[in-house]
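Subject: Structure for you to look at

Hi,

Here is the structure I promised to pass on.

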Amino acid sequence: MSAYTLLQLVEVVVFSAVLLYGVLSLHPSLAVLGGGFLIGKAVLNILAPEGGTVFRRSLIGYTLGGIYVLFGIAAVHFLT
């Protein structure tokens, strides 16, 4: 297993732990943050067949994840 693959697996475990902690501790903003991290990681890997550098794919993925987090936290704030 390459170091990059191991790093990705560790990131997924950490991001999933943030999501799970947010759900179990009834902190919806943390759950949204964990979901945003996972969206970023997913988009980064979905774009892999398209080519491009890891930096470019990360920038796109985590930007989309950040947008999700901003809208999610706003929804949590205004709807709860």
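Let me start with Gln8 and what surrounds it. Setting aside residues up to four places away in sequence, Gln8 touches Lys41, Leu44 and Asn45. Please keep in mind that this is a predicted model. Gln8 belongs to helix H1, which covers residues 3-24. Is Gln8 buried or exposed? Its relative accessible area is 13%, and under 20% counts as buried, so Gln8 is buried.

Apart from neighbours within four places in sequence, Ser58 is in contact with Leu44 and Thr63. Ser58 sits in helix H3, residues 54-79, and with 17% relative accessibility Ser58 is buried too. Leu44 is therefore a contact of Gln8 as well as of Ser58, and both of these residues are buried.

Now for the protein as a whole. Three helices and zero strands make up its secondary structure, giving the pattern α-α-α along the sequence. Along the principal axes, the C-alpha atoms fill a box of roughly 40 × 25 × 15 Å. The protein has 80 residues, of which 24% count as buried. Its accessible surface is about 5400 Å², and carbon and sulfur atoms account for 79% of that. As for contacts between residues at least 6 apart in sequence, 48% of them join residues at least 24 apart.

H1 is made of 22 residues and spans 31 Å from its first C-alpha to its last, close to the 32 Å expected at 1.5 Å a residue. Which residues of H1 are buried? They are Gln8, Phe15 and Gly22. These three cover an arc of only 55° around the axis, so they lie on the same side of H1. What do the buried residues of H1 pack against? Their partners are helix H2 (28-46) and H3. Ala3, Val13, Tyr21 and Leu24, on the other side of H1, are exposed. Just after H1 comes Leu26, with a positive phi of about 60°, in case you want to check the backbone there.

One last item, and I think you will enjoy this one: the aromatic rings. The structure holds one aromatic pair. The ring centres of Phe15 and Phe37 are 4.6 Å apart and the planes are at 20°; planes under 30 degrees apart count as stacked, so this pair is stacked. Phe15 is in helix H1 and Phe37 in helix H2, so the pair ties together parts that are 22 residues apart in sequence.

Notes: Residues are numbered from 1 along each chain as its sequence is written. This is a predicted model: local features need pLDDT of at least 70, side-chain atom pairs count only at pLDDT 80 or more; totals for chains, interfaces and linings use all residues. Side-chain values use heavy atoms; hydrogens and water are left out. Helices (H or I, at least four residues) and strands (E, at least two) are DSSP runs, numbered from the N terminus. Buried means under 20% relative accessible area, exposed over 50%, partly exposed in between (1.4 Å probe, protein chains only). Contact means heavy atoms within 4.5 Å. Accessible areas come from the Shrake-Rupley method with a 1.4 Å probe; for residues, only the protein chains shown count as cover. The expected span of a helix is 1.5 Å times one less than its number of residues. The arc is that of the directions from the helix axis to the C-beta atoms. Rings of Phe, Tyr and Trp (its six-membered ring) pair if their centres lie within 6.5 Å; planes under 30 degrees apart count as stacked, over 60 as edge-to-face and the rest as tilted.
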